[in-house]
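This briefing is for a reader new to the structure shown below. The notes are grouped by topic and can be read in any order.

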Amino acid sequence: MGDIFRATQQYDKARIAYESAAKSADLYLAPLQRLAEMYAEIGDVPQQVRYLEKLDSISPLNVNRKVSLGEAHLANGDVEKAEAFFEKAVVQMNREAADGLSALSSRIAGIYGERDPEKAEKFLRNSLEAKGKRLGREDLALFNQLGISLRRQGRWQDAITEYKRAIKIAPDDPTLYYNVGMAFAEGADFIQAKANLVKALDLDPEMVKSSASIACNFGAVFLQSGDRDRSVQFFQLALALKPGMQLALQGLERAKK
């Protein structure tokens, strides 16, 4: 109805129809966008700005809307506000470009995977660099992928360095401590390996119950560090989760000798 009234230049009726549509759902953007366009069409800049700002408050990541706001403020003579919105648009576009590059690099790294860990490492580092200082919890998977790629190259110490970078971002993430522990185990430093696995368990006591492989890895590390009693418990848990698991059976036999 609003579109029909607007097309026939019945702007008051169009406004009423659009506002009625907007009231039906707080996050329904289309009628607000139509109102902003209509006021731009009839040259009512203050009203155009009003609806553009309302749209921007609901959906603040739209680059084109910020440019439109900057243009409207400039037409209204508010030079400082115009420049502020133009700058926000540029910042948002840079973020979107960085996020897109990061996602693309991560995808390429996943394709290389086990086939070429060095190439996977290269693209994962590109992905992390693209995010710059905006690294957050949502990027932990990238650090985990990078650590795995480095460990596949036998570079367990470099893997630990990357995991520790991630721990600064998420100091309460048990998976990171588990991965640090497994990297130390690959370097035959079982005391440090055990310490990090204990930290992982402190943060998530249920972790060891999540898969037979994880339980078996706990058993192997605790056995190598000299804690036979607890290693037996972990191997038994692995067998409960996956009866007949050969690695767990072998580990259990060694722990009981």
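A salt bridge is a side-chain nitrogen of Lys or Arg within 4 Å of a carboxyl oxygen of Asp or Glu. Glu37 forms such a bridge with Arg6, the closest N and O atoms being 3.5 Å apart. The model is predicted. By the rule above, the count comes to 16 salt bridges.

- Side chains of opposite charge can pair when their charged atoms come close.
- Glu37 counts as partly exposed because its relative accessibility is 34%, whereas Arg6, with a relative accessible area of 16%, is buried.
- Asp3 and Arg34 also meet through their side chains in a salt bridge, at 2.8 Å from N to O.
- This pair, too, links distant parts of the chain: Asp3 belongs to helix α1 and Arg34 to helix α3, 31 residues apart.
- Asp3 has a relative accessible area of 38% and is therefore partly exposed.
- Arg34 is partly exposed as well, with a relative accessible area of 30%.

**Other salt bridges**

- Which residue forms a salt bridge with Arg151? The partner is Glu186, and the closest N and O atoms are 2.9 Å apart.
- Arg151 lies in helix α8 and Glu186 in helix α10 (residues 174-186), so the bridge ties together parts that are 35 residues apart in sequence.
- Arg151 is buried, at a relative accessible area of 18%, while Glu186 is partly exposed, at 43%.
- A network of salt bridges links Glu121, Arg125, Arg155, Asp158, Glu162 and Arg165.

**Helix α2**

- Helix α2 covers residues 11-23, which makes 13 residues.
- From its first C-alpha to its last, α2 reaches 18 Å, close to the 18 Å expected at 1.5 Å a residue.
- Ala14, Ala17, Tyr18 and Ala22 are the buried residues named for α2.
- These four lie on the same side of α2, because they cover an arc of only 140 degrees around the axis.
- An α-helix has 3.6 residues a turn, so residues three or four places apart point the same way.
- Which exposed residues does the face of α2 turned away from its buried side carry? They are Asp12, Ile16 and Lys23.
- The cover over the buried residues of α2 includes α1 (2-7) and α3 (30-42).

**Helix α13**

- Helix α13 (residues 228-241) has 14 residues, which should span 20 Å at 1.5 Å a residue.
- Ser231, Val232, Phe234, Phe235, Ala238 and Leu239 are buried in α13.
- Why do these residues fall on the same side of α13? They do so because the arc they cover around the axis is only 165 degrees.
- Asp229 and Ala240 are exposed on the other side of α13.
- The buried residues of α13 pack against α11 (190-203), α12 (212-224) and α14 (246-256).

**A nonpolar surface patch**

- Val67, Leu74, Val79 and Phe86 form a nonpolar patch on the surface.
- Together these residues have about 320 Å² of accessible area.
- Helices α5 (63-75) and α6 (79-112) are the elements that give two or more residues to the patch.
- Val79 lies in helix α6.
- Is Val79 buried or exposed? Val79 counts as exposed because its relative accessibility is 52%, and the cut-off for exposed is over 50%.

- Arg134 is found in the loop between α7 (117-131) and α8 (140-152).
- With a relative accessible area of 30%, Arg134 is partly exposed.
- Leaving out residues up to four places away in sequence, Arg134 touches Arg95, Ala98, Asp99 and Asp139.
- Asp99, one of these contacts, is 35 residues from Arg134 in sequence and 9.8 Å from Arg134 in space, C-alpha to C-alpha.

Methods: Residues are numbered from 1 along each chain as its sequence is written. This is a predicted model: local features need pLDDT of at least 70, side-chain atom pairs count only at pLDDT 80 or more; totals for chains, interfaces and linings use all residues. Side-chain values use heavy atoms; hydrogens and water are left out. Buried means under 20% relative accessible area, exposed over 50%, partly exposed in between (1.4 Å probe, protein chains only). Contact means heavy atoms within 4.5 Å. Patches are made of residues with over 30% relative accessible area and no salt bridge: like charges are joined within 9 Å, nonpolar side chains (Val, Leu, Ile, Met, Phe, Trp, Tyr) within 5 Å. Accessible areas come from the Shrake-Rupley method with a 1.4 Å probe; for residues, only the protein chains shown count as cover. The expected span of a helix is 1.5 Å times one less than its number of residues. The arc is that of the directions from the helix axis to the C-beta atoms.
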